[in-house]
Amino acid sequence: MSRFRNRQKRELPGLNLAAMPDLIFTVLFFFMIVTHMRQVSPQVQHVVPQGTELEKSNRRGLVYIFIGKPVDGHGKVVSNESRIQLNDRYVTVDQLDDEIQKERDKMSEDARQHMVVSIRADRQTPMGVINDVKQALRRAGALNINYSATQGRIKK
């Protein structure tokens, strides 16, 4: 009977954590490589229109113009009038050509020659506002314009 009652206290072996830092750094490097950092955070609400013939642009010298309704820090629409955002600040149509010139001056010589203005306008933006922006870009000498859209289907 003593054979069954003789129990020794057994302790669980310690967990080997030697490989944990390697695993953490591997996951960290993976996310650093895969994550796309947003350069400009939109301050206007914009739902881009759909298009059928789209090309992806990976050019240097991109200047982003967002056109839409202004939102606050929580994403709530503040006003129903369309606003123009150049990179991280609001501008008017009259200020746009001077601000484009300032952006061009910040770029390198190579990027300056290939500068492209990307317009990301809301679907509900009046065409008059977009035409005013295009005229201001023409006065500033920014003739390479790209319009952002999402892939859509052809309706028959």
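**Reading the packing around valine 117**

Q: Let's start with contacts: which residues does valine 117 touch, not counting residues up to four places away in sequence?

A: Contact means heavy atoms within 4.5 Å. With residues up to four places away left out, valine 117 touches Val63, Ile65, Ile100, Leu137, Ala142, Asn144, Ile145 and Asn146. One caution: this is a predicted model, where local features need pLDDT of at least 70 and side-chain atom pairs count only at pLDDT 80 or more, while totals for chains, interfaces and linings use all residues. Residues are numbered from 1 along each chain as its sequence is written, and side-chain values use heavy atoms, with hydrogens and water left out.

Q: Where does valine 117 lie, and is valine 117 buried or exposed?

A: Helices (H or I, at least four residues) and strands (E, at least two) are DSSP runs, numbered from the N terminus. Valine 117 belongs to strand β6, residues 116–121. Buried means under 20% relative accessible area, exposed over 50%, partly exposed in between (1.4 Å probe, protein chains only). Valine 117 counts as buried because its relative accessible area is 0%. As for Asn144, 27 residues apart from valine 117 along the chain, the two C-alpha atoms are separated by 6.3 Å.

Q: Which residues touch the most other members of the largest nonpolar core?

A: A nonpolar core is a set of buried Ala, Val, Leu, Ile, Met, Phe, Trp, Tyr and Cys residues joined through side-chain atoms within 4.5 Å. Here the largest one has 20 residues, and Ile65, Ile67, Leu96, Ile100, Val117, Val133 and Leu137 touch the most other members. β3, β4, α3, β6 and α5 each give two or more residues to this core, with α5 supplying the largest share, five residues. Val133, for its part, is in contact with Ile65, Ile67, Ile84, Leu96 and Ile119, leaving aside neighbours within four places in sequence.

Q: What covers the buried residues of α3?

A: The buried residues of α3 are Leu96, Asp97, Glu99, Ile100, Glu103 and Arg104. Their cover includes β3 (62–70), β4 (83–86), β5 (89–91), α4 (109–113), β6 and α5 (127–140).

Q: And the strands: how many bridges join β3 to β4?

A: Two strands pair if DSSP finds at least two bridges between them. β3 and β4 run antiparallel and are joined by four bridges; Ile65 stands opposite Leu86 in β4. Going on from there, β4 and β5 are also antiparallel, with three bridges, and Leu86 has Arg89 of β5 as its bridge partner. Two residues sit between the strands of this β4–β5 hairpin, where Asn87 takes a positive phi near 55°.
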